[in-house]
Amino acid sequence: MIQDSQVTSRFHAHAVRTRLLSTFMICAMASCGALAGCAGAQHAGGSRSVRSAPLADAWRQLADGGIASARELFAAYNTPQQPHLIRGEALFGLGKCELAATEPAGDAARAIALLKEASPLLAGSGATGAVETALAEAYLRQRFYELAREHMERGYHFLDGTERVRAAALVAILYEHEGFDALAANWRERAGPFADGAEFTEMRAAILPPAPPRPAVAELPAAPPAGKSAPQQSALVASKPSGARIVMRKEWGAGPPRRKQLEPMGPIKLITIHHTADEQPLVAHSLRDVYDYLRRLQSFHQNGNHWADIGYHYLIDAQGRIFEGRPLAYQGAHAGSGDLNEGNIGVALIGDFDRTRPTAQQLASMKKLVDQLLKSHRLPHGKVTAHSALREKAGLGHTDCPGRYMMPHFRRMFAP
Ligand SMILES: [Zn+2]
């Protein structure tokens, strides 16, 4: 009984917050009341403003809160006779009207349908960032957090400046909500100083339910002699899925990537496991040694192989520590060809597993990271491959990677 009423009241509080958030997001996140504001001009290649002249009036009405007249003006251009871009813009405008309407409130499901119809018509117009942001906003209203996060994650790559930072912040918050702490930290990093500011806290409070009423003592690393209440506390702590911590690029002192050479990652399809098979094995295991090693590896990949950046997205050392390699936003250089690298996350375990065995900590971290990545990108269990199998399937030359001592573990953990 008590539990039920708690659930109900929390649900209500959450609904209120979600409404608040919508207003907040329209003002703050999708501040481009019209397309021209953010993604438009910069990404249209200068050739054409996305906000077209025929619809300028409609956008103005929307910005001034004249939803009904904006709707009418947009609707007039939502006809098959219109060129794709105009019709796409009209549909996008109609979707934005649904999101902006308050009395009566707009229909999020209808907004999603309109925006999804607009999206392909506007492909390449420079509006992708704004459309994805609006889709994220609509899904957020429906409390489809995963879908909201996916659209915001995609939109991020098409946004600039403040919009990009806000998008990263939202993705971080949604990952946190899903319990993917390491990925949340990754995206918080991308949000930069914004993630330490008041606006981020406000945004977070608007999206996430209040922190569970956790007794303060549960936060302490070593509670004084475990009394009767100890099991209850640890259950509380354990109920939160703890993501593996990832040591960020900044921490190990990565150099900048060669931006012009970077390719966007595209939708994630696969995870590939490697070993680094270094000629000179990494024998020392202090964190400083590993940092040095990673910087050498990055330098070798950039200056020896002429790649844009370190090849792998994640690296795991013998202690089981996970390091961020190339940011996940960009295709790696690990699979063997450009095509194979598309949408393919490269995870490398540091070592040569043709000669030595991976450590238990290394294997445990690999499993944890891979499971987290599969879940957050909604990939089925079987979407993990060993480098050797991937190359073989693609008809490329043989590789022993990730090594004969790794393969039994790989099969045990990831066999479909
Ligand atoms: Zn490999």
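How many C-beta neighbours does D278 have inside 10 Å, and does that count as buried, partly exposed or exposed? The structure examined here is a predicted model, in which local features need pLDDT of at least 70 and side-chain atom pairs count only at pLDDT 80 or more, while totals for chains, interfaces and linings use all residues. Residues are numbered from 1 along each chain as its sequence is written. D278 has 14 C-beta neighbours inside 10 Å and therefore counts as partly exposed. On this scale, with C-beta atoms placed from the backbone, a residue is buried if 20 or more other C-beta atoms lie within 10 Å of its own, exposed if 12 or fewer, and partly exposed in between. D278 sits in the loop between β2 (270-275) and α14 (287-304). Its C-alpha atom is 9.4 Å from that of L297, a residue 19 positions away in sequence.

Turning to the chain as a whole, its secondary structure comprises 18 helices and six strands. Helices (H or I, at least four residues) and strands (E, at least two) are DSSP runs, numbered from the N terminus. Of the 416 residues in the protein chain, 42% count as buried.

The largest nonpolar core contains 90 residues, and L115, V171, A172 and V347 have the most contacts inside it. Helix α9 (residues 161-178) supplies the largest share of this core, nine residues. Because domain 1 (12-207) and domain 2 (246-414) both contribute residues, the core lies between them. The domain bounds come from an automatic or database domain assignment. A nonpolar core is here a set of buried Ala, Val, Leu, Ile, Met, Phe, Trp, Tyr and Cys residues joined through C-beta atoms within 7 Å. Leaving aside residues up to four places away in sequence, V347 touches I271, I273, H274, Y312, H313, Y314, M366, L369 and V370.

Helix α9 also packs against helix α10 (residues 181-191), at an angle of about 165° and with the axes 8 Å apart. Axes are lines fitted to C-alpha atoms, for helices over the stretch in contact, and angles run from 0 to 180 degrees between N-to-C directions. The two helices, α9 and α10, are therefore roughly antiparallel to each other, a term for angles over 145 degrees. The residues making the contact include V165, A168, V171 and A172 of α9, together with L183, A184 and W187 of α10.

Some backbone details in the loops also deserve a look. The peptide bond from E103 to P104 is cis, with omega near -5°, and P104 lies in the loop between α5 (84-100) and α6 (108-121). A cis peptide bond also joins C401 and P402, with omega about 5°; P402 is in the loop between α17 (387-393) and α18 (407-414).

Positive phi values are found at R143, near 60°, and at R378, about 50°, although neither is a glycine. R143 belongs to the loop between α7 (128-141) and α8 (145-156), and is partly exposed because 14 other C-beta atoms lie within 10 Å. R378 is placed in the loop between α16 (360-376) and β6 (384-386), and with 11 other C-beta atoms within 10 Å it is exposed.

Methods: Contact = placed C-beta atoms within 7 Å. Parallel < 35°, antiparallel > 145°, perpendicular 65-115°, else oblique.
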